[in-house]
Amino acid sequence: MADSLPTEFDVVIIGTGLPESILAAACSRSGQRVLHLDSRSYYGGNWASFSFSGLLSWLEYQQNSDIVEESTASWQGLIHETEEAITLRKKDESIQHIEVFCYASQDMDDNIEETDALQKNTSSVTSSTTTKPLNSACLSEETHSLYATGHELPAKGTPKSDGEISLEVTDVEDTLAKEKYCGDKTCIHTVSDGDKDENKPIEEDNTDQPKRNKITYSQIVKESRRFNIDLVSKLLYSQGLLIDLLIKSNVSRYAEFKNVTRILAFREGKVEQVPCSRADVFNSKELTMVEKRILMKFLTFCLDYEQHPDQYQAFVQCSFSEYLQTKKLTPNLQHFVLHSIAMTESSCSTIDGLKATKNFLRCLGRFGNTPFLFPLYGQGEIPQCFCRMCAVFGGIYCLRHKVQCLVVDKESGRCKAIIDHLGQRINAKYFIVEDSYLSEETCSNIQYKQISRAVLITDQSILKADSDQQISILVVPPVESGTCAVRVTELCSSTMTCMKDTYLVHLICSSSKTAREDLELVVKKLFTPFTETEIDKEELTKPRLLWALYFNMRDSSGISRSSYNGLPSNVYVCSGPDCGLGNEHAVKQAETLFQEIFPNEEFCPPPPNPEDIIFDGDDKQPEAPGTNNIIMAKLDSSDEVKT
């Protein structure tokens, strides 16, 4: 670690989640001296993405409650008599109730060489409540370096004028060529170890069932780097705030996206595709001609519903579900609109339902046949893109750098400095802190909501199609009263988030119980655990579940500033991920905080043309001796100014 950092900054940001990273980019772009710190060894916080082995390392860390604290310098002596300290939390406690299940065969006869990403020694990742422990889960400490992720994509050109869009969106078919890396891989056919003590040979059944490749746990471990597993499950609305910000700021040149190809519905125990564009509606075989006309008429109304208040004003106090029943929509159409287009709860208000439907419809056609985009290599790429922009304009980055406390002036009540784990005092004008870093005392009056999450690895899609490279989103209605709808996102290998012949499935809902209790029933409806498929041949029509992870994540969105105890006036709090499908809350929060701190500055303006940049070496900050833990990027670094 470097001996010291510069001691004077304009803004210190603690945490590298999406709102903090957007703020860091905006502050740096406006000429502020930014120090961006994270106690973790990776970028993104709860917005991060991991390889499979990196996820196992993260799980091991999260479940180890007896973290051995590194020796830290004493900070009490650095606090003056006119100052007081606000200590920060030593360990992130925003993740709870972790449960891991491995259903794929863990064949010990597979002599598969580990890649250099995996350690030779193995250890188990289990939970105290896990009934089926995960054996031989190879772990490695996954370090996500900003400039060494292996996922950096070249610039696709500067933004065009007159509203032209510079956003790289790749068709699914275009990426099939990239899948050749697995083309010569031989699938290892081993038995499923439902009983660990005895392995029985399987006779090939070539009757009516299609031949399915068998994926073993050792294959998943070997192909660990093919996985990019998101902690948070989100998509980008093609007309959403995040896409607009990526294009406006030219941060989009650091990322690449794919269209979500299908909107699905779960009705009467079956998964079916939902028609959402005009062409889809009239080509659909699921709808009658009458239903097609009724649906098109209703969707046309929703696009400009504000112009026809007489059609909904009387139902403002009703739920959206009740309102749909008055519009002559068949039960089939009501289900499609409520759960697959508006994607809202049945209890949401009529106005909220109409807004959601309009937002869905206005996003259609911008980049593809659905309203959604997904970033290649996972959601965790987006915070890193904004961090990269911050670094280009002079931001300083330190991972694995803990902050012990905030130093507050007693007289003014403003925060003056931080003291890091090395005992260094770093002064700044403004401080931005991610919620999970705040101490229990600061957050004692807050009742946090929770998000239930599940991450699954499966062997085939939940709805077969001509192409196996489908990106799908499905909302499963509440199974019983008092529970929430579950949103399911299924990613194929061309998204660069999973190995070939597998799918990565994310489930999310608002928590009422533990994640497993909230989501397991939906998992059982859609998938068959690998071990059961050898017994029940009828279940082979469902995708086989190879590996599953359940966990609860804290939802700190929607908490007002006044809820925190003793927060200095120049300390601002960013929330973690919310349960929503898009990233609107994070972008709004970042912009609101930026305008509050710098009311006269533009939020993330377009970057200057390289020809207009005047290089001046007189105002450089002195560089501290660095290591790979510190990234100091200046504007005059020629390899960071892309044209």
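Here are some questions and answers about helix packing, a pocket and a cavity in this predicted model.

Me: How do α6 and α8 pack, roughly parallel or oblique?
Reply: Helix α6 covers residues 289-303 and helix α8 covers residues 331-341. They pack at an angle of about 40°, with their axes 10 Å apart. Angles under 35 degrees count as roughly parallel. That angle therefore makes α6, relative to α8, oblique.

Me: How are α4 and α12 set, oblique or roughly perpendicular to each other?
Reply: Helix α4 takes in residues 241-249, and it packs with α12 at an angle of about 55°. Their axes are 8 Å apart. Roughly perpendicular would need 65 to 115 degrees. The two helices, α4 and α12, are therefore oblique.

Me: Which residues in α12 meet α4?
Reply: From α4, the residues in this contact are L241, L242 and L245. By class, the contact has four nonpolar, no polar and two charged residues. The partners in α12 are E584, V587 and K588.

Me: Which element gives the largest share of the lining of the second largest pocket?
Reply: This pocket has a volume of about 790 Å³, and 29 residues line it. Elements giving two or more residues to the lining are α9 (350-362), β20 (449-458), β22 (486-491), β23 (503-510) and α12 (584-597). The largest share is five residues, and it comes from α9.

Me: How many charged residues are in the lining of the second largest pocket?
Reply: Nearest the pocket's centre lie M343, R487, C579, G580 and L581. Across the lining, 12 residues are nonpolar and eight are polar. The charged ones number nine.

Me: How much space lies in the largest cavity?
Reply: The structure holds three cavities of 30 Å³ or more. The largest cavity is lined by residues including R40, W47, E434 and P577. Its space is about 50 Å³.

Me: How many polar residues are in the lining of the largest cavity?
Reply: G17, G44, G45, N46, S436 and G576 are among the residues that line it. By class, the lining has two nonpolar and three charged residues. Its polar residues number six.

Conventions
Residues are numbered from 1 along each chain as its sequence is written. This is a predicted model: local features need pLDDT of at least 70, side-chain atom pairs count only at pLDDT 80 or more; totals for chains, interfaces and linings use all residues. Side-chain values use heavy atoms; hydrogens and water are left out. Axes are lines fitted to C-alpha atoms, for helices over the stretch in contact, and angles run from 0 to 180 degrees between N-to-C directions. Helices (H or I, at least four residues) and strands (E, at least two) are DSSP runs, numbered from the N terminus. Angles under 35 degrees count as roughly parallel, over 145 as roughly antiparallel, 65 to 115 as roughly perpendicular and the rest as oblique. On a 1 Å grid over the protein atoms alone, a cavity is a set of points where a 1.4 Å probe fits but cannot get out, and a pocket is an open set with protein on both sides within 12 Å along at least five of seven lines; lining residues have an atom within 4 Å of a point. Grid points are joined across faces, edges and corners, and a volume is the space filled by probe spheres set on the points. Ala, Val, Leu, Ile, Met, Phe, Trp, Tyr, Cys and Pro count as nonpolar, Asp, Glu, Lys and Arg as charged, and the others, Gly among them, as polar. Contact means heavy atoms within 4.5 Å.
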